[in-house]
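Subject: Structure for you to look over

Hello,

Here is the structure I promised. Please open it alongside this note; my findings follow below.

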Amino acid sequence: MDPATDFGIIVRSPGPPEALEWSELQTAAPGPGEVRLVQRAIGVNFIDTYYRKGLYSWPSSPLIPGGEAAGVVEAVGEGSAFRVGDRVAYTMPIGAYRTRRVVPADRLVKLPQTIAFDVAAALMLKGLTTQFLLNSCYEVKSSDIVLVHAAAGGVGVLMGQWLKSLGATSIGTVGSADKRAVAEANGFSHVIDYRAEDFPARVNEITGGRGCDVVYDSVANDTWRGSLKCLRRRGLFVCFGQSSGPIADFKMSDLAAGGSLYATRPTLFDYIKTGEELQHRAAELFAKIASGAVRANIGQRLSLRDAAQAHRDLEARRTTGATILLP
Ligand SMILES: NC(=O)c1ccc[n+]([C@@H]2O[C@H](COP(=O)([O-])OP(=O)(O)OC[C@H]3O[C@@H](n4cnc5c(N)ncnc54)[C@H](OP(=O)(O)O)[C@@H]3O)[C@@H](O)[C@H]2O)c1
């Protein structure tokens, strides 16, 4: 099979959203163990902004950002279990902002017929993150009280629904009154506007002084000190992102001062390292979707050409739920 002409978004050097440039690309024929996809929907994630800005280092230049997408197999390399026409989806740290793509077959999952391409592109990175955070990083029980920051965001809305399905008490923080309504509609038991209220004091009130078993903090710089105050003795601080910037001055002694706390900084790609682990987590995610307990919440749809606008909106806290780019 010949290479195919393709379009996508490249970044020549780290910079603001304007660095995202629409460009013509060539997509190679798939090699052994690879398949080539025509992409139908691409998810936008905060990690895309970290790569664009150079906060995460680039394996090569120029960079094609993008961590999740869904589409149809159009060509198959030797030794791949997929067939032309299969509906598939994947999550990988970079490379998804393009119309066609060659992907290693062991990074793909087959989509159930009931899952649309845009739904899959809203779920692969954010939904698998929710799955590993709530089931593996810490195994949430119905007796747990759990705090989640940015509760109306892409990951946040999935966390609220999934926590409800586990029967846990969930507290979500949001940055506006509109987002409060979104978090409530997505299953959170309690919602705090952390721009208007003192969130550790409110958590203390809500939990009657008990504190939370686990805090999922993806905001980091602006919230981490308050997050530690929200934990019960020997509770777990899960810092899984840095939407307000990286934590600068954390010390191990902060964990002792908070009551012998635990802390971890997990990343999805360490929880789906093998093909088996990826398939197992995806099967659990799709079962949750099929049960109706969790649904994708797509707040914004833009053309792939408008990726810069998608980044501006995400970084300015104007989005709720997932943002999808359509090739
Ligand atoms: N470790 C992993 O494997 C993994 C995987 C997926 C995602 N993540 C992390 O999870 C987080 C959520 O990702 P997402 O794609 O779903 O994004 P998102 O939550 O939809 O967007 C980020 C949200 O963070 C809040 N925020 C607080 N301070 C902010 C600031 N200074 N600038 C921008 N936003 C701020 C905003 O909500 P409010 O206005 O309500 O405050 C904003 O909407 C990100 O930090 C991401 O890196 C980590």
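Which residues have the most contacts inside the largest nonpolar core? They are Ala89, Ala120 and Ala121, in a core of 97 residues. Bear in mind that this is a predicted model.

**The core**

Helix α2 (residues 117–137) is the top contributor to this core, giving 13 residues. The core also takes at least three residues from each of domain 1 and domain 2. Look at Ala120 in particular. Leaving out residues up to four places away in sequence, Ala120 touches Ala70, Ala89, Leu111 and Ile115. As background, nonpolar side chains in soluble globular proteins tend to be buried together.

**The domains**

The domain assignment gives domain 1 as 4–124 + 276–326. Domain 2 is 142–265. Taken over C-alpha atoms, the domain centres are 28 Å apart.

**Strand β3**

Start with β3 (residues 34–44). Nine of its eleven residues are buried, so β3 is largely enclosed by the rest of the structure. Its pairings are these:

- β3 and β4 (residues 68–76) run antiparallel and share eight bridges. Ile42 sits opposite Ala69 of β4.
- β3 and β6 (residues 100–104) are antiparallel, with five bridges. Val35 has Val103 as its bridge partner in β6.
- β3 and β15 (residues 322–326) are antiparallel too, joined by three bridges. Here Val44 faces Thr323 of β15.

**The parallel sheet**

Next is an open sheet of six strands, with parallel pairing. The strand order is β10-β9-β8-β11-β12-β13. The edge strands are β10 (190–193) and β13 (262–264). Each has a single partner strand, so one side of each lacks a neighbour in the sheet. From one strand to the next, the twist averages 15°.

Within this sheet, β8 (residues 145–148) and β9 (residues 169–174) are parallel partners over four bridges. Val146 stands opposite Ser170 in β9. Helix α4 (residues 177–185) packs on the sheet and touches β9 and β10. The directions of α4 and β10 make an angle of about 165°.

On the α1 side, the contact is made by Phe46, Asp48, Thr49 and Arg52. On the α9 side, His311, Leu314 and Glu315 make it.

The second pair brings back α2, the helix that gives the most to the core. The axes of α2 and α8 (residues 275–291) come within 9 Å and cross at roughly 95°. From α2, the residues involved are Leu123, Gly127, Leu128, Gln131 and Phe132. They meet Arg281, Ala282, Glu284 and Leu285 of α8.

If you have time for two views, I would pick Ala120 with its contacts Ala70, Ala89, Leu111 and Ile115, then the α2 and α8 crossing at roughly 95°.

Best wishes

Definitions and conventions:
Residues are numbered from 1 along each chain as its sequence is written. This is a predicted model: local features need pLDDT of at least 70, side-chain atom pairs count only at pLDDT 80 or more; totals for chains, interfaces and linings use all residues. Two strands pair if DSSP finds at least two bridges between them. Helices (H or I, at least four residues) and strands (E, at least two) are DSSP runs, numbered from the N terminus. Axes are lines fitted to C-alpha atoms, for helices over the stretch in contact, and angles run from 0 to 180 degrees between N-to-C directions. Two residues are in contact if their C-beta atoms, placed from the backbone, lie within 7 Å. A nonpolar core is a set of buried Ala, Val, Leu, Ile, Met, Phe, Trp, Tyr and Cys residues joined through C-beta atoms within 7 Å. A residue is buried if 20 or more other C-beta atoms lie within 10 Å of its own, exposed if 12 or fewer, and partly exposed in between; C-beta atoms are placed from the backbone. Domain bounds come from an automatic or database domain assignment.
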